[in-house]
Amino acid sequence: GVAPLGPVPLQKEHQRQFQMLDAAFYHLPLPSDSEKLRSYLARTPCPSPPYYPQVPLPDTDSLEFYQRLGNETLFFIFYYMEGTKAQYLAAKALKKQSWRFHTKLMHWYQRHEEPRVINDEYEQGSYIFFDFDNWIQRRREGFTFEYKYLEDRDLN
Amino acid sequence: DRAPGGPTAHIHSGILQVTSRDFDDLGYVEKTDFLLREWVTLIHSPSGIREPTKAFGTFVQHLNMHGFLKTDDVITRFFRISTRLCVDMCCQALTEQSNSPTVVRTKCYQTLDAYVKLIALLVKHSGDTANSGTKINLLNKVLGIVAGVLLHDQDAHTLEFQQLPYQRMFIMLFLELNAPEPILETINFQVLTAFCHTLHILSPSKAPGFSYAWLEIVSHRVFLGRMLALTPQQKGWGMYSQLLMDLFKFLAPFLRNAELAKPVTLLYKGTLRLLLVLLHDFPEFLCDYHYGFCDVIPPNCIQMRNLILSAFPRNMRLPDPFTPNLKVDMLPEIAHAPRVLTNFSSMIQPPNFKKDLDSYLKARAPVTFLSELRGNVQISNEPGMAYNIPLMNALVLYVGTQAINYIRSKSHTPNMTTIAHSAHMDIFQNLAVDLDTEGRYLFLNAIANQLRYPNSHTHYFSCTLLYLFAEANSEAIQEQITRVLLERLIVNRPHPWGLLITFIELIKNPTYKFWLHEFVHCAPEIEKLFESVARSCMVQKQV
């Protein structure tokens, strides 16, 4: 470093400030300190080898990217990253693939075939749904999807 | 300190209430502790998560039953004790070694987030919907209490002080109060003001143990966005510039000695990152406040200052400084003055000196003004601290802007001929000749701070610096001018446009006989350096 005006000894006040700063240096803020609490995937920073990617690929926060992800990944993001932009994008990508969210059962459903009954209140037929308890896709025959439980907000 | 008034009055009264020595009977503390725990459980329960407002309704009834909402004093006391309890809980959790860091953190967050939610709901629901005064007063009071507990805690625990609980309370409360809700949108500007006042009170100089957390808050994307982008009419810019000034002022004594211990280096790096974000996203903000920032950044922090001086309005397209035969005089932008949002003319003190300066600029007399000039800017004989830097900066910019006005009043435009032989140039030439090395360095730096994007100041001061070089009566002055320009260019990018233009002109234009000067050839490494700079500027070395 260069000090063209020459060094000036620190005043007492500045020395005290430095001591406090030095002490604070040993318990620095963590990224999670100013983030919403993550119940499942808490941040656990650790050193990783430099030849591993240190930052996510560019444009991984776009809908296009989410549409390229597999269903299971989208379900994982949806259930384990609540209240994040990622969850929002995952929901959007699922909807684009004709998955519909059931607000009471909290499951995602997809028509397996044209419903046998469709009226103003519900539709009934054979559906595929994602069972998050067992983490598997299942089929449900003769299921009645009541429209009052359909999550139909426009996700903008 | 003057007695604070206006919106800050409540913050200060909150701080005072923390430090006042009224004794809380143990029963009251216990009751608060009990209620707070109840709230934490309530808000984190499934029904509390689903309908926080309903949980809040239930809880307010409990507070009322226990007489916690009777008077302002009681409410204040509730907040003071609650803040204390939350902080104590966190500090205890953080010192416990048995749990994993993630578990400890989660425990702290749960309590702090619940408390923040309570504050936010109380602020939102206090007074009636139309009455924003009550809400804002309560917010200021609570922020004051948290700030007061922080300062008190820092004094009491010094090196054991923990930033975490305060950082989380401030940032989470900020996020809560900036949610997209109509009630909150109507009071948004007052909310921003309240937080800025509080952060100013807790600036790193006053709360050094809180510095890292403070910088995290100040550079948080939501905070930055609200202060600089979303608030209409740039009403947040002034307050935000104040916070940056607080940061620069704190760093200054450590940076000027160029002995960077690890803790300072980290804070410095964070500051550079913040400046890069600002340069990229809000260049106009850095443009408008560059003067005030340069006033507090030590002269040796070249890159930090270059970041600020390189900012230019986004709608402007800068001509490539390396274009052969670029005619700066022909650029339409150089007719326009840049915005300077610091009242620099009022910084020319004492008033007598300002009066004498004005009358000299008018009458170009008496000559004694020039001979006494040095005495006005010099404040001591101590090397390295001999000059009043803010006064020097103000003097240079003031004389320059007056010169531009003067030349225009005579229907001329500033150029190498019109800037010469005037009261203004007398002052500059006198400073160049009469000051010692230190003074001249600061004087030339004050000029170089104006070499930015194409505007009337850049053009005038570029001509002035070249004129001073051409008319210098000693090699020493020319060497120093070269030094000031070169040292700003040999650092990593960015480099201000006006600085490059001026330096290229100096080495390219044969009238300056740059390559004939002895200092260019004083050492082989310096000579090589000049040659490489010349090559990168695509200039033929002229011998």
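**Entry 1: a lysine in chain B**

I started with B:Lys135 and listed its contacts (heavy atoms within 4.5 Å): leaving aside neighbours within four places in sequence, B:Lys135 is in contact with B:Val123, B:Lys124, B:Ser126, B:Gly127, B:Asp128, B:Thr129, B:Ile183 and B:Ile187. A note on the source: this is a predicted model, where local features need pLDDT of at least 70, side-chain atom pairs count only at pLDDT 80 or more, and totals for chains, interfaces and linings use all residues. Residues are numbered from 1 along each chain as its sequence is written, chains are lettered from A and ligands numbered from 1 in the order in which they are written, and side-chain values use heavy atoms, with hydrogens and water left out.

I found B:Lys135 in helix α7 (residues 132-157) of chain B; helices (H or I, at least four residues) and strands (E, at least two) are DSSP runs, numbered from the N terminus. Is B:Lys135 buried or exposed? B:Lys135 counts as buried because its relative accessible area is 2%, and buried means under 20%, exposed over 50%, partly exposed in between (1.4 Å probe, protein chains only). I also saw that a polar atom of the B:Lys135 side chain lies 3.0 Å from the backbone oxygen of B:Lys124.

**Entry 2: a leucine in chain B**

Next I looked up B:Leu486, which lies in helix α24 (residues 475-489) of chain B. B:Leu486 is buried too, at a relative accessible area of 9%. Not counting residues up to four places away in sequence, B:Leu486 touches B:Phe503, B:Leu529, B:Phe530 and B:Val533. I checked the C-alpha atoms of B:Leu486 and B:Leu529: they are 9.6 Å apart, with the two residues 43 apart along the chain.

**Entry 3: where chain B meets chain A**

Then I turned to the contact between the chains, which takes 45 residues from chain B and 34 residues from chain A. Together the two chains bury about 3400 Å², 67% of it on carbon and sulfur atoms; buried area is the accessible area (1.4 Å probe) that two parts lose on being put together, summed over both.

How many salt bridges are there between chain B and chain A? I count one salt bridge, meaning a side-chain nitrogen of Lys or Arg within 4 Å of a carboxyl oxygen of Asp or Glu. The side chains of B:Arg105 and A:Asp33 form it, at 2.8 Å from N to O.

On the side of chain B that touches chain A, the elements giving two or more residues include α6 (101-125), α8 (164-177) and α13 (237-256). α6(B) gives the most, with six residues.

How values were computed. Polar contact = N/O pair within 3.5 Å; in protein donor to acceptor, adjacent residues only side chain to side chain.
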